[in-house]
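Reader: I would like to learn how to read a model of this kind with care, taking one feature after another. Could you show me the entry and then take my questions in turn?

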Amino acid sequence: MSLSALIVLIYVLVLASYLGFELISKVPPTLHTPLMSGSNAISGITIVGALIASNELGYTTLSKWLGLVALVLATINVVGGYVVTDRMLKMFKKK
Amino acid sequence: MNIGIEIAYLVASVLFIIGIKYLGKTKDARKGNVISAVGMVIAIAATLFTLEVLTLLEIGIAILVGSAIGLYYAQKVAMTKIPEMVALFNGFGGLASFAVALSDYYFKRDTNLASLDAINLTSILLSVLIGAVTFTGSMVAYLKLDGKISGQPITFKGQHLLNLLLLIAFIAASVLVFLDPSQVNYIVILIVISLLLGILTVIPIGGADMPVVISLLNSYSGMAACATGFILSNNVLIVAGSLVGASGIILTQIMCKAMNRSLVNVLLGGFGQTVATGGADGPAVVVKEIGVEETAMLFDSASSVIVVPGYGMAVAQAQHVIRELMEQCEKRNINFRFAIHPVAGRMPGHMNVLLAEANISYDKLIEMDDINEDFSNTDLVFVVGANDVVNPAARTNPQSPIFGMPILNADKARTVIVSKRSMGKGYAGVENELFGFPNCLMLFGDAKQTITKVVSEMKDMA
């Protein structure tokens with residue numbers, strides 16, 4: 001990877017982190033548990049990496065199998081995370 | 001670069017950000033979660049377009065298996081067990097990032113060794129380290145929360161030295177990898193060290209410090225995804241990973257502040273163990289007991305009530321019967337609210353979820369800073385399964401291990417009733433001075449059973 005490509009990625013990292021700090025500090029404590037399970041689901045974004053890795057067929061089988069293991073785990077994270085977060089948020093009612 | 005896919009990733013990143021923004025308001029939060037999920041579907045769909053058809057079957061099966069497990073677990077899990085689930089899922093996220101990093105390493109090693117340059121190797125090693133630490137650390141946290149291993153801090157002599165040595169060994173092995181990236185042996189050493197570090201950093205931390213630990217591991221799982229984004233030069237991974245990383249760090253800070261401890265102090269561990277002996281020296285507190293009938297009468301004659309729930313309420317499954325108590329009080333026009341301490345429960349916001357499940361309106365759940373002024377003009381405070389968060393020693397006794405921790409001013413109320421199984425100590429191992437206060441009465445017994453009796457007494461009165 002070239003240094004200039006790296007710099008672009010670091011830009012993205014720094015700006016996204018800053019935005020994350022700003023947005024998340026505004027989440028009320030009432031919602032901290034759903035925030036955690038919801039962000040858990042978002043960290044399942046590794047699923048994109050897992051898909052790319054699973055695709056490396058024909059070159060090395062080890063890469064592919066590692067990719068598929070990652071794929072199963074990341075899918076659990078994504079599906080389970082969003083569903084349980086929805087289950088919780090559904091319960092928060094104001095009467 | 002396929003421009004269509006890059007645009008799809010950009011849209012997904014924006015949707016994650018909007019989704020988190022919506023989480024800032026309780027009424028919009030559910031919508032926010034859906035928006036974030038749509039972003040995820042877009043990112044996945046866009047990636048699927050880049051794949052070769054040959055692997056689609058295996059990929060399809062893997063996605064089906066993962067979805068089935070995730071769906072089953074998410075629908076079945078009890079709300080009291082959410083901390084365990086989050087810990088477990090943090091671990092899965094970490095392991096997934098770890099596996100992607102390794103997969104990429106093997107792929108590049110066998111096909112294009114030259115592409116393993118310094119930047120790439122650094123990203124791979126970071127992803128392996130953070131991913132593995134997240135995985136084993138989360139598994140230990142899960143086992144502790146689930147009671148499969150003792151929640152007590154596990155410490156031994158030379159623990160910190162061992163961690164330091166492992167870290168040095170990690171750096172040394174990393175240098176060897178840089179010198180010869182084709183050597184798998186060094187990578188294996190790095191993996192073993194990383195897995196060990198995850199275990200060793202979480203075992204010395206006590207069960208009651210778990211809110212800090214799972215917040216931190218949550219952050220790690222995001223950082224692991226972020227490192228994977230650097231390996232694959234993939235912006236959506238970096239954006240999503242940093243959002244999660246930031247979220248975990250903020251929650252970690254909030255938890256530490258609410259316990260008046262530094263993150264380093266929590267991570268060094270052993271809390272509760274060292275102070276347990278100190279607490280035993282103090283004079284035994286003399287307490288006054290109260291029965292079910294008198295409790296019902298006190299509720300009946302009060303005009304304002306604040307309930308202070310703690311993890312003990314969740315253990316006793318008393319939240320539903322507390323709602324019945326609330327209904328009885330509201331029938332009598334009693335102002336009935338809940339005071340939520342930030343570290344009540346086993347993870348940030350845990351009490352709110354449990355009370356929401358018991359169908360208690362969220363505007364009744366008041367944060368510490370917003371309700372602390374009100375205790376002094378409240379008739380009755382009902383403490384259920386909470387201990388350290390109402391211990392006045394945190395304000396007055398510089399010798400106390402919890403001194404300086406912000407607490408709920410329950411002792412300022414006219415009368416305090418404490419529902420407690422027995423005269424045990426809080427996790428900090430300190431006597432609770434509140435129990436000996438002249439305005440404090442102890443209602444001993446299982447919270448669910450005693451409160452059920454109080455409710456039926458109140459029904460009879462009406």
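Reader: How many residues of domain 1 of chain B are in contact with domain 2 of chain B, and how many of domain 2 take part?

Author: Before counting, note that this is a predicted model, in which local features need pLDDT of at least 70 and side-chain atom pairs count only at pLDDT 80 or more, while totals for chains, interfaces and linings use all residues. Residues are numbered from 1 along each chain as its sequence is written, and chains are lettered from A and ligands numbered from 1 in the order in which they are written. Two residues are in contact if their C-beta atoms, placed from the backbone, lie within 7 Å. By that rule, 18 residues of domain 1 of chain B are in contact with 15 residues of domain 2 of chain B. The domain bounds, which come from an automatic or database domain assignment, are 77-268 for domain 1 and 280-461 for domain 2, and the centres of these two domains of chain B, taken over C-alpha atoms, are separated by 37 Å.

Reader: Which elements give two or more residues to the side of domain 1 of chain B that touches domain 2 of chain B?

Author: Elements here are DSSP runs numbered from the N terminus, helices being H or I with at least four residues and strands E with at least two. On that side of domain 1 of chain B, those giving two or more residues are α4 (82-111), α8 (210-232) and α9 (235-258) of chain B. The side of domain 1 of chain B that touches domain 2 of chain B then has 14 nonpolar, 4 polar and no charged residues.

Reader: How many residues of α9(B) are buried?

Author: A residue is buried if 20 or more other C-beta atoms lie within 10 Å of its own, exposed if 12 or fewer, and partly exposed in between, with C-beta atoms placed from the backbone. In α9(B), 22 of the 24 residues are buried, so defined, and this helix is mostly covered. Just after α9(B), B:N260 takes a positive phi of about 55°.

Reader: Which residues of α6(B) are buried, and where do they lie around the axis?

Author: The general idea is that an α-helix has 3.6 residues a turn, so residues three or four places apart point the same way. In α6(B), the buried residues are B:F170, B:A173, B:S174 and B:V177. They cover an arc of only 110° around the axis, the arc being that of the directions from the helix axis to the C-beta atoms, which puts them on the same side of α6(B). These buried residues pack against α5 (118-145) and α7 (184-202) of chain B. On the other side of α6(B), B:L161, B:L164, B:L165, B:I168, B:I171, B:V175 and B:L179 are exposed.

Reader: Which way do the residues of β4(B) point, and are they buried or exposed?

Author: In a regular strand the side chains alternate between the two faces of the sheet. From β4(B), B:L380, B:F382 and B:V384 point one way and B:V381 and B:V383 the other way, and all are buried. With 5 of its 5 residues buried, β4(B) is therefore largely enclosed by the rest of the structure.

Reader: In which sense does β4(B) pair with β5(B), and over how many bridges?

Author: Two strands pair if DSSP finds at least two bridges between them. Strand β4 (residues 380-384) and β5(B) pair in the parallel sense over 5 bridges, with B:V416 of β5(B) as the bridge partner of B:V381. Strand β1 (residues 304-309) of chain B also pairs with β4(B) in the parallel sense over 5 bridges, and there B:V307 has B:F382 as its bridge partner. Strand β6 (residues 440-444) of chain B runs parallel to β5(B), joined by 5 bridges, and B:M442 in β6(B) stands opposite B:V418.

Notes. Nonpolar A, V, L, I, M, F, W, Y, C, P; charged D, E, K, R; others polar.
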